[in-house]
Amino acid sequence: MGSGLARIVSLWAAGLALGASVAVASAGQCPGNPDALGTSRTIVVDPREHIRIGTMDYAETLPLLDREVVLTFDDGPIPPYTGKVLDILAAECVKATYFIVGTMAKEYPALVRRAYDEGHTIGTHSMTHPFRFRALSVERANAQIDDGIAATAAALGDPDRLAPFFRFPGFGHTRPAHEHAASRGLMVWGADVPADDWHKLGPREVARRAVQRLEYKGKGILLLHDIHQRTVDALPLILKELKERGFRVVHVVPANAERAPSVTTAEAWLPHSRPKPAAPLIRVAALQDLDADILMKKSAEELCSLTPPHEAVHRAAGRGRARMAGIAHAELGHAKVGQVKARQAKVANVAPTTSMPDAHAAQ
Ligand SMILES: [Zn+2]
């Protein structure tokens, strides 16, 4: 690499090929809230193909792209929290998946119907939510699963409205219970990211944990509970942060006679399997007499303010040299160059520049 060549000034969003498959929500599609987070796309899943998902317990998880989130709410419904959560989701035009407890559905069927009528997916979470599900006999465990389904279907008034999605209480699964769930065609949901909202935490801490863990994982199924005031209070904070950080909410629905499963690859269901670009694309905005050592000492702001005499695009020599959040964002089109921390950027060993008219051409 020639030492006289100037290097990096700004990062370029390189993940446009991935982004092209996403039907991005138009804020204008959310009545009364032009700044709504919205629901960016809907995934149709075949429960018989992928019977257990969620990296906290299972090998597979939903085929999400980076910075995609699926919101899930367990243990309800119960007033006033479920209604408040539904209000918050409606205000942001965000669709979620509910895992309903059978006894709660019996007690508050109107809330189950409301969640369904407002476009959310309704799954189940056992009949009485036994906290030691694993300790149940096979018969009792199976009855918990079956009765929860029956009670929730009854609340909905039509079993076809119920998604064949099931989440074990406390993730307390056993092999026989898994087998029973599979025999019923259920897709068992774990989760990827807990928010700890069942602990006695303040709403800010719940939101902080949710967002921080999503940032760490980059995407995933977020586990929440619509039975706590702290969750009601945390949810607007979470949604606001998700929007500001460029996360997108994905809605998941089951395949049926009218609705074919979304086309995915087997690899897309495995964690950490998203296709990575060979190396991050970096826009070289200036060819100046700067060497790598000098660039490493500059702040992101200083780098970005370099006025480009002309522009070029090039690929970093090794992906290990660009191991930072800013570049990860850039890969998916969320780069805010000003947020990039130059001290984290290993910009020393970038490849020689190759002039290209357009960053997209490098994809
Ligand atoms: Zn639960």
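View A. Just past the end of helix 6 (residues 175–183), G185 adopts a positive phi of about 75 degrees. Helices (H or I, at least four residues) and strands (E, at least two) are DSSP runs, numbered from the N terminus. This is a predicted model, in which local features need pLDDT of at least 70 and side-chain atom pairs count only at pLDDT 80 or more, while totals for chains, interfaces and linings use all residues. Residues are numbered from 1 along each chain as its sequence is written.

View B. A177, H180 and A181 are the buried residues here (20 or more other C-beta atoms within 10 Å of a residue's own; exposed means 12 or fewer, partly exposed in between, with C-beta atoms placed from the backbone). Because they cover an arc of only 100 degrees around the axis, they share one side of helix 6; the arc is that of the directions from the helix axis to the C-beta atoms. R175, E179 and S183 are exposed on the other side. Helix 5, strand 7 (165–166) and strand 8 (187–189) are among the elements covering the buried residues.

**View C. E68 in strand 4.** Here you can find E68 within strand 4 (residues 68–74). E68 counts as buried because it has 21 C-beta neighbours inside 10 Å. Leaving aside residues up to four places away in sequence, E68 touches K219, R248 and V250 (contact: C-beta atoms, placed from the backbone, within 7 Å). The C-alpha atoms of E68 and F247 are 5.6 Å apart, although 179 residues separate the two along the chain.

Terms used. Two residues are in contact if their C-beta atoms, placed from the backbone, lie within 7 Å.
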